[in-house]
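Hi there,

Here is the structure I promised to pass on to you. Could you open it alongside this note and read the two together?

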Amino acid sequence: MKRQIIITLILLAATVMITLTYFKHLNPPGKRVNQVVNTIPASAAFIFQFNNDSSFYDIYSKSELFSSITGKQKMRELDALRHTLLGYPLLKEHFSAEDIFISIHPQATDSLDYLLTVPASSLVDQGLTEWLKSKTAANIKLSSLNISGKKAYSIHIDSLDKNFFFANRGSNIWIGSFSRALIEEDLKYKPSEKSAFSLLPDQQNSTLLSSLYINYSQLNPLLAQLYKTDNTDLWKGLDLLPATTALSLNYKSDALMFNGFTSVNKNKATSYLNLFTGMKPVPMSLVNLFPVTTAYSNSYAVDDMKHFLQLLAAWQQKAGFDKEKSKLFSQIKAETGVQLDKEFKSLIDNEFAVVTTRFQERLAIIKVKNGASLRPFFNNVSNMVNDEIGQLNYNQVPLFLLGDALAPFRRPYFMIMDNYMVLANTQRELSNYKENYLNNAFISKGEEFIEFNNLTAQRCNVSFFIHFKNAGSVFKQTLKKPYAKAYQQQPGFKNYYAASYQLSASDNQFYTNLCVKLITPDTTTVRK
């Protein structure tokens, strides 16, 4: 009997060991995505995740895609870290095949810094201790120090002439940055129970080349570091969207293509973009009318404009605009006899867009059902400059008709061509657009745009587009000097043709696509 009890205990212990080993295999340290991301300070707007595996670095080193995004200096830094820290013989095996998370954080010094977060085994400390005892390479100097009351390390990399700081923040999660202030921020940060980011499912995560996580609530602090003013119309509405996004990378040799879901937080105040979550994705056609000088644009489309305008009216009422709106259209009715809001609702189609050109001209293009029928109503509420162009006599009409997207057009000039209404803040901008329109000088006519457009979602509700070459002259004026200079570097964004960020409504959330395409090489050039 005693022997049977001993055998039973041995079998039970073996069962426990096998079970623990099995579940450890199901959730190895490198796949603790939720735990790791939750330790990253909430000031992060973006987190880029990839696996510390040779297959990723093979693609990374051979492709212009990544070097153009990160820039030459950041490429040098990341490459140096890979070889001096992650690839150091005493540490390599502890970081191998682990997920690496790079997060972007605005800093008080009017700069952006990135933080590396890497889960690892408990033997890293032992490897560092041995490293400190050994003679390090002449161009790499490792030293220990104290940061925020915790043991940390510093590597001075001679090739960069910079110090890289790193520490174990607990649970064998290692953090590192060239910014000591960012390390201090991380070590003092106390994770909340719920992560600030929505994440991809664990099973999906294990098979991905890389992932991108976005927290829109942190866009404003980040953009404040980049731009001279807060007038960042390229990102209109995204900074106010109460949502987070999780995207997975689909690699293509000439394009970065991410797709995934944007999770909208229903417990927070709704924004303008929330109104589109209840729509159905539709094809967008106005992009075919964007001028050849387009730098960037924001486009909006719905399947049911009547329903969208009802949602907009309810949202504006909740925001306290209803009295001002009602007073405005009552005044227009009393002074002109035109019930402008009613007539506009009956004649608008399902799509509108705001376009900024390389000359910083700003246009709104609105698709209507019958331009000839709409024209008399707007003529009657405007001061007509000539037979085609007039300026509205009343402020904020576009804002109350179609919402925040048209807020920049307070008392605009307008013209109607065929079934399109075009708004601008100056008469000259409309005249320039008319010339493009009549000469068929649209960005969509170029072969490069057609190639790019074939990579994007053909149906969506909100689309942000940027043409990198045309946007360069705008960013030279609007970005702070260091970032304007970085934008012009080679390799850099100038190597890219265009990018789009598309939101397609799905179950009151957004299916999301991000596409960034390199410039197609000129194959007609003959090398000597």
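First, some housekeeping. This is a predicted model, so to speak of local features I needed pLDDT of at least 70, and side-chain atom pairs count only at pLDDT 80 or more, while totals for chains, interfaces and linings use all residues. Residues are numbered from 1 along each chain as its sequence is written, and side-chain values use heavy atoms, with hydrogens and water left out.

Let me begin with the interior. A nonpolar core here is a set of buried Ala, Val, Leu, Ile, Met, Phe, Trp, Tyr and Cys residues joined through side-chain atoms within 4.5 Å. Buried means under 20% relative accessible area, exposed over 50%, and partly exposed in between (1.4 Å probe, protein chains only). The largest such core has 107 residues, and Tyr272 and Phe276 have the most contacts inside it. Contact means heavy atoms within 4.5 Å. Setting aside neighbours within four places in sequence, Phe276 touches Tyr300, Ala301, Val302, Phe308, Phe352, Asn461, Val462, Ala505 and Phe510. There is also a second, separate core of 27 residues, which includes Ala255, Phe290, Tyr433 and Leu455.

Next, the secondary structure. Helices (H or I, at least four residues) and strands (E, at least two) are DSSP runs, numbered from the N terminus. In helix α17 (residues 468–478), the buried residues are Phe468, Asn470, Ala471, Gly472, Val474 and Phe475. They pack against β11 (294–301), β12 (348–357), β18 (462–467), α18 (481–487), β19 (496–506) and β20 (509–518).

Strand β19 also holds Ser500, which counts as buried because its relative accessibility is 5%. Beyond its neighbours within four places in sequence, Ser500 is in contact with Phe452, Thr456, Phe464, Phe465, Asn513, Leu514 and Cys515.

Strand β9 (residues 243–252) is worth a look too. Seven of its 10 residues are buried. Two strands pair if DSSP finds at least two bridges between them. On one side of the pairing list, β9 runs antiparallel to β8 (residues 210–215) over five bridges, with Thr244 as the bridge partner of Asn215. Strand β10 (residues 255–264) is also antiparallel to β9, joined by 10 bridges, and here Tyr251 has Leu256 as its bridge partner. A hairpin of two residues connects β9 to β10.

Finally, the charged pairs. A salt bridge is a side-chain nitrogen of Lys or Arg within 4 Å of a carboxyl oxygen of Asp or Glu, and by this rule the count comes to eight. Glu184 and Arg180 form one of them, with their closest N and O atoms 3.6 Å apart. Both residues lie in helix α7 (residues 180–188), four residues apart, about one turn of the helix. Glu184 is partly exposed at 27% relative accessible area, and Arg180 is partly exposed at 35%.

Another salt bridge joins Asp254 and Lys252 at 2.9 Å, N to O. Asp254 is partly exposed at 22%, as is Lys252 at 32%. Which residue forms a salt bridge with Lys517? The partner is Glu448, the closest N and O atoms being 3.6 Å apart. This pair links distant parts of the chain, with Lys517 in strand β20 and Glu448 in helix α16 (residues 447–453), 69 residues apart. Lys517 counts as buried, at 2% relative accessibility. Through shared partners, salt bridges join Lys252, Asp254, Glu448, Glu451 and Lys517 into one network.

Best wishes
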